[in-house]
Amino acid sequence: MPFTFSIREALKFGWAQTKAHSKVVFQVVLSLFALQVAQAIVQATLPNTLIGWLAVAALVIAQIVMGIGLTLISLKIAKGQQVSYNDAFPPAKLCWQYLAASVLAGFITVLGLILLIIPGIYLALRFSMVRYAVLEGAGITGSIKKSGKITDGVKWQLLGFIIVISLINIVGAMVFMVGLLVTIPVTMIAYAHVYEKLDAHHHKA
């Protein structure tokens, strides 16, 4: 019987763990929103200036780093590990590997989309777990290979899961964007939980 995972169970896990770790999770999410607001202010008040460009670049880098940190926090929560606000600032080496693996997976997916839509979707699902694999130390090419292995046989489920969490975040954005403060961590932790399920199954197989 092929391995399956429950979308409902993953979302319930995401909701429960978001509440359990609400202090750290919301601190990081609010920090990310604050950085976005600061970027908008700088762009409005210092347009077409060197200081403005440098400030925007620094804010964008900070957002990228904290975005990776939030992904790391979601993974640690899914693994049952302790988390703190400091986890929002991963080591530089891990950030570079994360970005490189994401770009490589994205490039391969785009090539698939250029060929045909179906191959592109297939590759997007195949590499949908790259970011978690690289955060666990799989390396750049190793994370590509690992994602391909653990997503084998569950791509239709993954497609349904990604559609569901995308719709949840769209609803969150519609609630004056405030809903995203809740839906983003819930869906990210749910996503990390699915990764853990797939990875555990792969090790047992």
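Leaving out neighbours within four places in sequence, Gln39 is in contact with Val56, Leu59, Val60 and Gln63, where contact means heavy atoms within 4.5 Å. Gln39 itself belongs to helix α2, which covers residues 22–45. Helices here are DSSP runs of H or I with at least four residues, numbered from the N terminus. Gln39 counts as buried because its relative accessibility is 16%. For this label, buried means under 20% relative accessible area, exposed means over 50%, and partly exposed lies in between, using a 1.4 Å probe and protein chains only.

A word on the model before we go on. It is a predicted model, in which local features need pLDDT of at least 70 and side-chain atom pairs count only at pLDDT 80 or more, while totals for chains, interfaces and linings use all residues. Residues are numbered from 1 along each chain as its sequence is written, and side-chain values use heavy atoms, leaving out hydrogens and water.

## Rings that meet

How many aromatic pairs does a search of the whole structure find? The search gives five. Rings of Phe, Tyr and Trp (its six-membered ring) pair if their centres lie within 6.5 Å; planes under 30 degrees apart count as stacked, over 60 as edge-to-face and the rest as tilted. One of these pairs is Phe5 with Phe161: the ring centres are 6.1 Å apart and the planes stand at 90°, so the pair is edge-to-face. This pair links distant parts of the chain, with Phe5 in the segment before α1 (7–20) and Phe161 in helix α8 (residues 155–174), 156 residues apart. Phe5 is buried, with a relative accessible area of 10%, and Phe161 is buried too, at 0%.

Tyr85 and Phe89 also make an edge-to-face pair, 5.7 Å from centre to centre with 70° between the planes. Tyr85 is partly exposed at 28% relative accessibility, and Phe89 is partly exposed at 44%.

Now look again at Phe5 and Phe161. Together with Tyr132, Tyr191 and Tyr195, they form one aromatic cluster.

A salt bridge is a side-chain nitrogen of Lys or Arg within 4 Å of a carboxyl oxygen of Asp or Glu. By this rule the structure has five salt bridges, among them the ones in this table.

| Salt bridge | N to O distance |
|---|---|
| Lys79 and Glu136 | 2.7 Å |
| Lys79 and Glu196 | 3.4 Å |
| Lys146 and Glu136 | 3.3 Å |

Where do the partners of the pair Lys79 and Glu136 sit? Lys79 is in the loop between α3 (50–78) and α4 (92–115), and Glu136 is in the loop between α6 (130–135) and α7 (140–150), 57 residues apart. Lys79 is partly exposed at 34% relative accessible area, and Glu136 is partly exposed at 31%.

In the pair of Lys79 and Glu196, Glu196 lies in helix α9 (residues 180–204), so the bridge ties together parts that are 117 residues apart in sequence. In the bridge between Lys146 and Glu136, Lys146 lies in helix α7 and Glu136 in the loop between α6 and α7, 10 residues apart. Lys146 is buried, with a relative accessible area of 18%. Through shared partners, salt bridges join Lys79, Glu136, Lys146, Glu196 and Asp199 into one network.

Gln157 has its place in helix α8 and counts as partly exposed at 23% relative accessibility. Which residues does Gln157 touch, not counting those up to four places away in sequence? They are Phe3, Thr4, Phe5 and Ile7. The C-alpha atoms of Gln157 and Ser6 are separated by 8.8 Å, although these residues are 151 residues apart along the chain.

Ala16 is in helix α1 and is partly exposed, with a relative accessible area of 35%. Ala16 and Gln82 are 66 residues apart in sequence, and their C-alpha atoms are 15 Å apart in space.

Note on methods
Helix = DSSP H or I, 4+ residues; strand = E, 2+ residues; numbered from the N terminus.
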